[in-house]
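Good morning, colleagues. Please turn to the sequence and the model as they come up.

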Amino acid sequence: MDDQKSLTSVIMVSFHTGAVLDAAITSVLAQTEPVQLCLVDNGNPPEVVRKLEDLVAADPRVHLITGHGNVGFSRGCNLGARAVEGDYLLFLNPDSQLPRDTIPKLKHYTKIIRQPFMIGARLLNRDGKDQRGCRRALLTPKTALIEALHLHRLFPRERLNFHEEPMPIAILPIPAISGAFMFLSRDDFWKINGFDENYFLHVEDLDICLRFRRAGGEIYFAPDIVVTHIGGTSNATKAFIEKHKARGFIRYFQKNFSRQYPLPLLWVLYVAVWLRTWLKIGLSRLKPALNIG
């Protein structure tokens with residue numbers, strides 16, 4: 001593959017993303033190397049869809065998939081990946097903003113890192129702080145219980161997220177990255193059958209990282225690619241998000257660890273997942289009533 005001539009297809013799945021979608025689209029189309037942008041409409045308001053249709057009519061680089069309703073993030077990503085032409089795929093959350101030189105940097109890395117590869121970026125919150133999920137360990141029942149029970153002091157080497165560790169100065173291998181920014185070749189993506197569509201929202205990124213590594217791939221973190229990821233822009237309710245996150249965690253453990261861990265331990269983990277979920281939902285409902293932030 002001639003990387004100088006190859007095309008990168010950026011896939012964004014959008015559900016009631018809000019005004020930040022415009023900034024995300026602008027940042028993709030402003031890249032200094034050729035890109036194709038595939039927007040997957042997972043049920044945006046009609047006025048947003050009309051605006052996206054106008055964009056498609058005005059810019060041949062933009063493709064829109066719409067009319068299927070909210071089919072979830074994983075299936076939406078796969079729909080986009082089937083429709084694009086690029087040799088490389090960049091899965092990007094629609095509330096993210098890319099630096100103009102993102103694609104050239106990614107193309108450079110494809111020449112110097114081991115293949116097959118997946119590359120993640122440094123993700124910053126709106127306030128400029130590093131996000132938890134962009135540097136991760138592989139999620140296991142052990143790391144999940146340590147995180148859920150806040151046992152980090154007892155097991156300092158078993159942290160799930162590495163955001164509190166010093167920032168590396170160069171690209172390096174890492175166990176897992178965030179689905180908000182994932183770059184890999186289209187062929188390698190389909191060799192592992194893309195995203196598992198049984199995940200509706202959340203945890204699908206940890207699952208694909210695990211499968212990618214088990215298939216012999218290497219995952220990298222590129223600290224010099226700095227992406228602003230706003231997060232929390234969808235108008236989906238806290239209960240909707242947290243319930244799907246809990247289902248995602250349970251599917252992940254059942255699918256990937258049911259043969260390695262005793263069933264009683266997994267049941268304890270499932271109970272902990274749902275207790276954490278209902279606690280977070282309850283607190284989110286309590287805060288407005290108490291007028292607290």
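Of the 293 residues of the protein chain, 50% count as buried, where buried means under 20% relative accessible area, with a 1.4 Å probe and protein chains only. This is a predicted model, in which local features need pLDDT of at least 70, side-chain atom pairs count only at pLDDT 80 or more, and totals for chains, interfaces and linings use all residues. Residues are numbered from 1 along each chain as its sequence is written, and side-chain values use heavy atoms, leaving out hydrogens and water.

The secondary structure comprises 9 helices and 9 strands; these are DSSP runs, helices being H or I of at least four residues and strands E of at least two, numbered from the N terminus.

The largest nonpolar core holds 78 residues, of which Phe-91, Ile-119, Phe-181 and Tyr-252 touch the most other members. Such a core is a set of buried Ala, Val, Leu, Ile, Met, Phe, Trp, Tyr and Cys residues joined through side-chain atoms within 4.5 Å. Strand β9, residues 218-229, gives this core its largest share, 6 residues.

Arg-211 is buried, with a relative accessible area of 17%. Its side chain makes a polar contact with the side chain of Asp-207 at 2.7 Å; within protein, that term denotes a pair of N or O atoms within 3.5 Å, one able to donate a hydrogen and the other to accept it, and residues adjacent in sequence count only if both atoms are side-chain atoms.
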